[in-house]
Amino acid sequence: MAILPIIEAPDARLKQISAPVTVFDDALKTLVADMFETMYDAPGIGLAAIQVGVPARLVVVDLMEPDEDAAPEPVDDGHDHENCGHDHRPMKKVPRVFINPEILDPSEEFSVYSEGCLSVPDIYADVERPEACRLRWQDLDGVVHEEAMEGLMATCIQHEIDHLEGILFIDHLSRLKRNMALKKLEKARKMG
Ligand code: NI
C-alpha cells in the first residue's frame with residue numbers, strides 16, 4: 001500500500017468529470033487500498049479518486065464508530081465517567097467503498113453541515129444539502145448495491161459525488177465566500 005499525494009485547490013484536475021469504472025480488477029483493489037491509507041493518514045472521512053489524480057468514479061468513506069466489543073478507555077480528565085454520557089470506547093474503522101455511486105431520491109428536507117475537504121485543507125464552511133437520499137453503487141466485484149443514507153453519511157457521500165463532477169464544497173458558497181476561502185488557502189500555503 002502507499003500514501004498518495006492529495007491534489008489541492010485550485011488545481012484544474014479537481015474540475016474534471018470522472019469516468020465510470022468499467023474494469024473490476026486487482027489494479028482497482030490496489031487503488032482503493034491506497035486511497036484508504038491516504039485518507040486515514042491525512043486524516044479525513046472521505047476521499048474521491050480524482051483527489052489523488054485518478055479521474056474514475058470511485059470514492060472511499062469511513063465515518064468510524066465506537067467499538068461495541070472494546071472496553072471503555074480510561075480517560076483521566078477529571079470528570080465523572082460513570083454518568084457523563086460520553087462514549088469512551090475506542091473508535092473502530094468502518095471502511096466503505098462506493099464505485100460508480102449515484103444519488104436516488106434526494107429528500108426535500110435539507111440539512112446544513114460544516115464541511116471540510118482534504119483538497120481544501122483547514123477551510124470549513126456551512127453547506128446545505130438534502131438530508132437523506134438513496135445511494136446506488138457497485139462494490140469491488142462490480143455487484144450493485146442500494147441503501148438509504150442519512151445524516152453525516154448522506155452529507156459525506158453527496159460531497160464525494162460532487163468531486164466526481166468536478167465540484168468542490170466551496171463551489172456551493174457565494175463567490176465572495178469562495179474567493180475568501182481560496183485566498184486563505186493560498187496564504188496558508190505560502191506560510192508553509
Ligand atoms: Ni472533498
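In these legends a residue is called buried when its relative accessible area is under 20%, exposed when that value is over 50%, and partly exposed in between, as calculated with a 1.4 Å probe on protein chains only. The structure is a predicted model, in which local features need a pLDDT of at least 70 and side-chain atom pairs count only at pLDDT 80 or more, whereas totals for chains, interfaces and linings use all residues. Residues are numbered from 1 along each chain as its sequence is written, and side-chain values use heavy atoms, with hydrogens and water left out.

**View 1. Phe 98 and Trp 137 form an edge-to-face aromatic pair between two strands.** Rings of Phe, Tyr and Trp (for Trp, the six-membered ring) pair if their centres lie within 6.5 Å, and the pair counts as stacked when the planes are under 30 degrees apart, as edge-to-face when they are over 60 degrees apart, and as tilted for the rest. A search of the whole structure finds 2 aromatic pairs, and in the one shown here the centres of Phe 98 and Trp 137 are 5.0 Å apart, with 85° between the planes. Phe 98 belongs to strand β5 and Trp 137 to strand β8, 39 residues apart, so that the pair links distant parts of the chain. Trp 137 is buried, with a relative accessible area of 6%, and Phe 98 is likewise buried, at 0%. Helices (H or I, at least four residues) and strands (E, at least two residues) are DSSP runs, numbered from the N terminus.

**View 2. Five strands make up an open antiparallel sheet.** The 5 strands follow the order β1-β2-β5-β8-β9, where two strands are taken to pair if DSSP finds at least two bridges between them. Strands β1 (46-48) and β9 (144-150) stand at the edges with a single partner strand each, so one side of each has no neighbour in the sheet. On average, neighbouring strands are turned by 40° against each other, direction ignored. Strands β5 (residues 96-104) and β8 (residues 132-138) run antiparallel and are joined by 4 bridges, with Leu 104 having Arg 134 of β8 as its bridge partner. Helix α1 packs on the sheet, touching β1, β2 (58-61) and β5, and its direction makes about 40° with that of β2. Helix α2 (residues 151-164) also packs on the sheet, touching β1, β2, β5, β8 and β9, and its direction makes about 85° with that of β5. Contact means heavy atoms within 4.5 Å, and the angles, which run from 0 to 180 degrees between N-to-C directions, refer to axes fitted as lines to C-alpha atoms, for helices over the stretch in contact.

**View 3. Strand β2 pairs with β1 and with β5.** The antiparallel pairing of β1 and β2 extends over 3 bridges, and Ala 48 stands opposite Val 59 in β2. The antiparallel pairing of β2 and β5 extends over 4 bridges, and here Val 61 stands opposite Arg 96 in β5. In a regular strand the side chains alternate between the two faces of the sheet. In β2, Leu 58 and Val 60 point one way and Val 59 and Val 61 the other way, and all are buried.

**View 4. Phe 36 and Tyr 40 form a stacked aromatic pair in helix α1.** The ring centres of Phe 36 and Tyr 40 are 5.9 Å apart, with 20° between the planes. Because these residues are 4 residues apart in helix α1, about one helical turn separates them. Phe 36 is buried, with a relative accessible area of 10%, whereas Tyr 40 is partly exposed, at 24%. Leaving aside neighbours within four places in sequence, Phe 36 is in contact with Val 60, Val 61, Pro 95, Arg 96 and Val 97. Lys 93 lies over the face of Tyr 40, at 4.1 Å from the ring centre; a charge sits over a ring if NZ of Lys or CZ of Arg is within 6 Å of the ring centre and within 35 degrees of the ring normal.

**View 5. Gln 51 makes a side-chain polar contact with Ser 119.** Gln 51 lies in the loop between β1 and β2 and is buried, at 1% relative accessibility. The side chains of Gln 51 and Ser 119 make their polar contact at 2.9 Å; such a contact is a pair of N or O atoms within 3.5 Å, of which, within protein, one must be able to donate a hydrogen and the other to accept it, and residues adjacent in sequence count only if both atoms are side-chain atoms. Not counting residues up to four places away in sequence, Gln 51 touches several residues, including Pro 5, Leu 14, Cys 117, Glu 160 and His 163.
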